[in-house]
Amino acid sequence: MSDRYLKFVNTPLGKTAAQSLGLPAPVPLKRWKRADQPFIEGDVLIGAANGSKAISTIGKVLNASAAKLFHASAMDTLNDSSKSGNKAEALPLNADIDRKFSALVFDATGMKDTTDLKAVYDFFHPTIRKLADNSRVLVIGQDPGTCRQPAKAAAHQALEGFVRSVGKEVGKKGSTANLLWMAPGSEQQLESSIRFFLSPRSAYVSGQVTRISKGATAHATNPVAPLAGKVALVTGASRGIGASIAETLSRDGATVIGLDIPPAMEDLQNVMAPIKGKAMACDITDEKAPKQIADFVKEHFEGIDLVIHNAGITRDKTLGNMPEHFWDMTIAVNLTAEELIDEELIHQELLRENGRIVCISSISGIAGNFGQTNYSTAKCGVIGYVEAMAKQVKNGVTINAIAPGFIETQMTAAMPITIREAGRRMNSLSQGGLPVDVAEAIAWYCNPASNGVNGNVVRVCGQSLIGK
Ligand code: NAD
């Protein structure tokens, strides 16, 4: 369903009307377009607090981009960030800055206590108004759980509040702000996440914190087809978000098995044919489903690399009015089926080394939602499952979740108009996301270089005002 308000408000008449009535004026988001598109272009400013640890990795990643690099200078609280590489030009922050940036990247990993937070102010205060539309703020700190000193943990935790507030300020320009919390010594694992969060692939991801752990050695990837040679299973692939996940993983080189219920086979074939994927008819709640899926994998491939649990349903009713089968079905499709499928694939040793499992949660599972006790329970359970499994997976396998907010699909098109409009506007970017926004985040998790991204729940919600 198209967002007519977003289109109207970006016409000259619409702009004037929105301004005079004080209505939200969302900026159309720029998304990933071409295979040869650089992950970031334009002017990028890099800065670092004293003692920074990730600056040379940031510099190395950005030096390989199409961006023109600057490093912040002339502030005592800031490190000499010339370590960001000799391509970066020094930019004194105490003088007038006469350019617009497509990204501000700040390495806060060196902060030792809360007084060091001044460096964050010194870097962003003179530059935040110099952000172009559709730009990126990315902060890198140390995972507070790995800080021994309380004052250091406080400083790094504080970055979360900072980034969430910045996201709300810059969202008006279609821009995003995100935070990476790295474990000590995990610099080598940062690249795929820096690339994702600076690129148009993360257009609808804002106010999010991702933990980066040491993980297995990150593998060099083919930037155009990082998933070449991988086999992916996508459940619920006949339409909506699932169809977009299948197309995006195929674009990145994976061979896709699309799965959906038997009545959806015609639609599923239509999604699979152009991407040369294999269609599988299966109800994932059928007790034979895990074994059927394992048999299908064995029949066509030797194993599986990417398992994307996308299939989901809603059966909304207030709790007192909810029939038992609404509860049972919603838990079975959204939660239990995922556990049983993974169990079978792992038990039969079909999930290959460096495999990826991705589950779909929901904002409803984080914040709760009126009339959705069954769905919120299931989607919150997904988070518990992912966090517990992340500690158990072996052989370089990772498991993560995406929690979508309001995404424009048949599911949300069926909502009453007032609820739909509220869902679309109640986020920092004042618009709904597209299925491809969820798919791009999944492709980032699946990237062979994302070994250090494990046990995360990232929201693709335009920084919804609901929930954390
Ligand atoms: P959708 O209803 O358009 O698609 C869901 C797909 O899952 C359908 O193709 C359906 O046939 C399939 N499916 C349902 N039950 C199944 C079963 N038992 N076995 C096999 N396949 C089954 O939904 P969508 O909007 O594309 O959502 C995809 C996922 O994202 C779901 O898990 C949903 O809960 C989640 N999500 C969506 C939104 C949103 O705004 N659209 C928000 C948060 C979370």
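**Figure 1. The ring pair of Phe 196 and Phe 197.** With a relative accessibility of 3%, Phe 196 counts as buried in this predicted model. The structure holds nine aromatic pairs. In the pair formed by Phe 196 and Phe 197, the ring centres lie 5.0 Å apart and the planes meet at 70 degrees, so the arrangement is edge-to-face.

**Figure 2. The ring pair of Trp 444 and Tyr 445.** A pair of aromatic rings is described by the distance of the centres and the angle of the planes. For Trp 444 and Tyr 445 the centres are 4.9 Å apart and the planes are at 25 degrees, so this pair is stacked. Trp 444 has a relative accessibility of 3% and counts as buried; Tyr 445 is buried with a relative accessible area of 0%.

Figure 3. Ser 430 lies in the loop that joins helix 14 (417-425) to helix 15 (435-446). Its relative accessibility is 14%, and because buried means under 20%, Ser 430 counts as buried. Apart from neighbours within four places in sequence, Ser 430 is in contact with Pro 24, Pro 26, Arg 424 and Arg 425.

**Figure 4. Two residues other than glycine with positive phi.** Ala 74 has a phi near 70 degrees, a positive value. Ala 74 is placed in the loop between strand 2 (68-73) and strand 3 (89-92), and is partly exposed at a relative accessible area of 45%. Gln 463 has a phi near 60 degrees, likewise positive. Gln 463 belongs to the segment after strand 14 (457-460) and counts as buried at 6% relative accessibility.

**Figure 5. A phenylalanine cluster and a charge over a ring.** Phe 106, Phe 123, Phe 124 and Phe 162 are linked into a cluster by ring pairs. In a further close-up, the charged end of Arg 201 sits over the ring of Trp 32, at 3.8 Å from the ring centre.

Methods:
Residues are numbered from 1 along each chain as its sequence is written. This is a predicted model: local features need pLDDT of at least 70, side-chain atom pairs count only at pLDDT 80 or more; totals for chains, interfaces and linings use all residues. Side-chain values use heavy atoms; hydrogens and water are left out. Helices (H or I, at least four residues) and strands (E, at least two) are DSSP runs, numbered from the N terminus. Buried means under 20% relative accessible area, exposed over 50%, partly exposed in between (1.4 Å probe, protein chains only). Contact means heavy atoms within 4.5 Å. Rings of Phe, Tyr and Trp (its six-membered ring) pair if their centres lie within 6.5 Å; planes under 30 degrees apart count as stacked, over 60 as edge-to-face and the rest as tilted. A charge sits over a ring if NZ of Lys or CZ of Arg is within 6 Å of the ring centre and within 35 degrees of the ring normal.
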